[in-house]
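Trainee: I would like to learn how to read a structure, one feature at a time. Can we begin?

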Amino acid sequence: MRCGLRFPTALRETLWRKTLNDKNTQPGRQSVRPAIGSVTLCLLTTIYILLVTNQTFWTKAYGYFVAEPTAFAAFAIGISAAIMALFTFFSAKYVTKPVLIFFVLVAAVSSWFNDQFGVIIDKEMIRNAAVSTGAEAGHLITLRFATHVLLTGVLPSLVIAWVRIAHRPILKKLAYNTAVILSCLAVFVVAGTSFYKTFAGVGRAHPDLVDTLNPVMPITSAVRYAINSRKDSSIVAQPLGTDAHKVGTTDNGKPRVTIIVAGETARAQNFSLGGYGKMTNPELAKQNVVYFPKTSSCGTATATSIPCLFSVYTREQYTHLKGLETQNLLDVLTHAKVDVTWLDNDTGSYHVTDRVPYTYLPTSADPRFCKDGECLDAILVDKVDNWLDHIKGDSVLVLHQLGSHGPAYYQRYPDEFRRFTPDCRANDFGSCTPEEITNAYDNTILYTDHIVSAVIDKLKQRSNSLSGAVVYFSDHGESLGENGIYLHGTPYLIAPSEQTHVPFLVWLADDLARTGGYDMTCLAKHAADGTYSHDNIFHSVLGLMDVATKVYDPSLDVFAGCRRPPNKLAQLN
């Protein structure tokens, strides 16, 4: 039999909690975890994020307001108040710490790409990142990146997790937090209205003003991308050019074959065909190609440019939604009974190939060309012979290059094309000089020159059985440190020319030029004198394949004005 007093349950729990509190307050037994108010923690986190992870944002803002220091001070106060209001909104038990830690980690990661590469993490950049391969993403995870995230993200997060938060009773907390949020918003409004004219002028002149504000813009972009992605999954592309048919302007009995080489991250400034000081195009210079030196891209990232340039829309008309809702060039060719195939050595076709044969080559892991999930572009050339051997009629082949994709430029070319040295042999630009980075990039262009020239040679070897053409263009350009910007993906409105000025060239077999009525002297003159863009690709390929359809626009066909007699497609329209 057990003897003793038995206290009511509620009384026992009260005495137990009191005993613990007494232990924690006894000399030598105090808790080493400091207690802090939730709003105070939000304030400290706001100060930390704004000062430590927004270097690019404040540098840009100061430069834009350099002539108006008082307006800059008001801008800084207003932005700080708005961020404080946002953080305080999440000041609630069981919510504060996870949310603040999330904000700190996002800001830490984003700041690395802002500060090191000048990258703006908008919706299109999120879209591009979402379709990146593991190998592509791995090139960005360097020791310096990991160290940066550890010091600026993980360690502060551990501090936030470690401290104890002293929460007010729920009603008092609600009232206090509301007062803080309203006060911050009032400061934001007063700061904004006090210098509205200045802010409006700077905003119009510099629409990228808040694009690097961490963590607000990356999170906003990710949310917008997620919302749009859910809508995208239910979209069915509407038919386009179902009236397409071949008009047969060539009469040599040979199938017409066009090979489109869709380049990656090649910028026109580094093509010797366009006047670059280094000889980066020695092989193409001997191939009698026509080069279009003034060509602009549809976007600054693959996820935008590739679907845009294969669409019927111009850059001004194109949107991601329109690209999904409407069939593209490959579909129109298919309607005209042209065989279409896509071989991919990059990161995919972004729904362009949803209705045509498609092969993703890196999964082959061919040891002759591939390593660690990526392949040299020679794998594309290797597949061309087999494709050409099975040609039965008019055909189009798209070869999607890995090209000059950074930052691991040195992995894009074999040693025999390591002609410009010293070249950067690292993923981390911080360990290389500007000259080394440029040399490595130029070697990728040299290798692309070889790949495109090799494709031309494949068609030349079959000139007795095929009428061939090659069209090469890059999807977008690349920044190599100009104005502190690297890589690509800058919003088009503010993108530097290094990211929008792209190489574009065509090669026509002699018999195709003769029987198709192409005046090559005229074409070369038009190419040198004119201004072109990705808008021309859709209609120019239809022209090359002599496909007539109501959606064909001869004014955007680079060949239309140089065919003798005049192009039948234009007459049909």
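Mentor: We will take a helix, a surface patch and the cysteines in turn. Keep in mind that this is a predicted model.

Trainee: Which residues of α2 are buried?

Mentor: Start with the general idea. An α-helix has 3.6 residues a turn, so residues three or four places apart point the same way. Now the case here. The buried residues of α2 are S38, V39, L41, C42, T45, T46, I49 and L50. Viewed down the axis of α2, they fall within an arc of 155 degrees, so they line one face of the helix.

Trainee: Now the surface. Which residues make the nonpolar patch?

Mentor: L105, L150, L151, V154, L155 and L158 make it, and the patch is about 490 Å². Helix α8, residues 143–162, gives the most to it, with five residues. L155 lies in this helix, α8.

Trainee: Is L155 buried, exposed or partly exposed?

Mentor: L155 is partly exposed, because its relative accessible area is 39% and that class lies between 20% and 50%.

Trainee: On to the cysteines. How many disulfides are there?

Mentor: A search of the whole structure finds four. In one of them, the sulfur atoms of C298 and C308 are 1.6 Å apart. The torsion about that S-S bond is about 55 degrees, so the disulfide of C298 and C308 is right-handed. C298 sits in the loop between β6 and α12, and C308 in helix α12, so the pair ties together parts ten residues apart in sequence.

Trainee: What is the handedness of the link between C522 and C562?

Mentor: That link is left-handed, with -65 degrees about the S-S bond. The pair joins distant parts of the chain, 40 residues apart: C522 is in helix α19, and C562 in the loop between β17 and α21. Both C522 and C562 are buried.

Trainee: In what pattern do the bonded cysteines pair?

Mentor: Counted along the chain, they pair 1-2, 3-4, 5-6, 7-8. C42 is in no disulfide; the nearest cysteine sulfur is that of C184, 10.0 Å away. C42 counts as buried because its relative accessibility is 0%.

Technical notes
Residues numbered from 1 in each chain as written. Predicted model: local features only at pLDDT ≥ 70, side-chain atom pairs only at ≥ 80, totals over all residues. Heavy atoms only, no water. Buried < 20%, exposed > 50% of the residue type's maximum accessible area, 1.4 Å probe, protein only. Helix = DSSP H or I, 4+ residues; strand = E, 2+ residues; numbered from the N terminus. Arc of directions from axis to C-beta. Patch = residues over 30% accessible without salt bridge, like charges linked within 9 Å, V, L, I, M, F, W, Y side chains within 5 Å. Areas by Shrake-Rupley, 256 points an atom, 1.4 Å probe, with all protein chains shown as cover. Salt bridge = Lys/Arg side-chain N within 4 Å of Asp/Glu carboxyl O. Disulfide = S-S within 2.5 Å.
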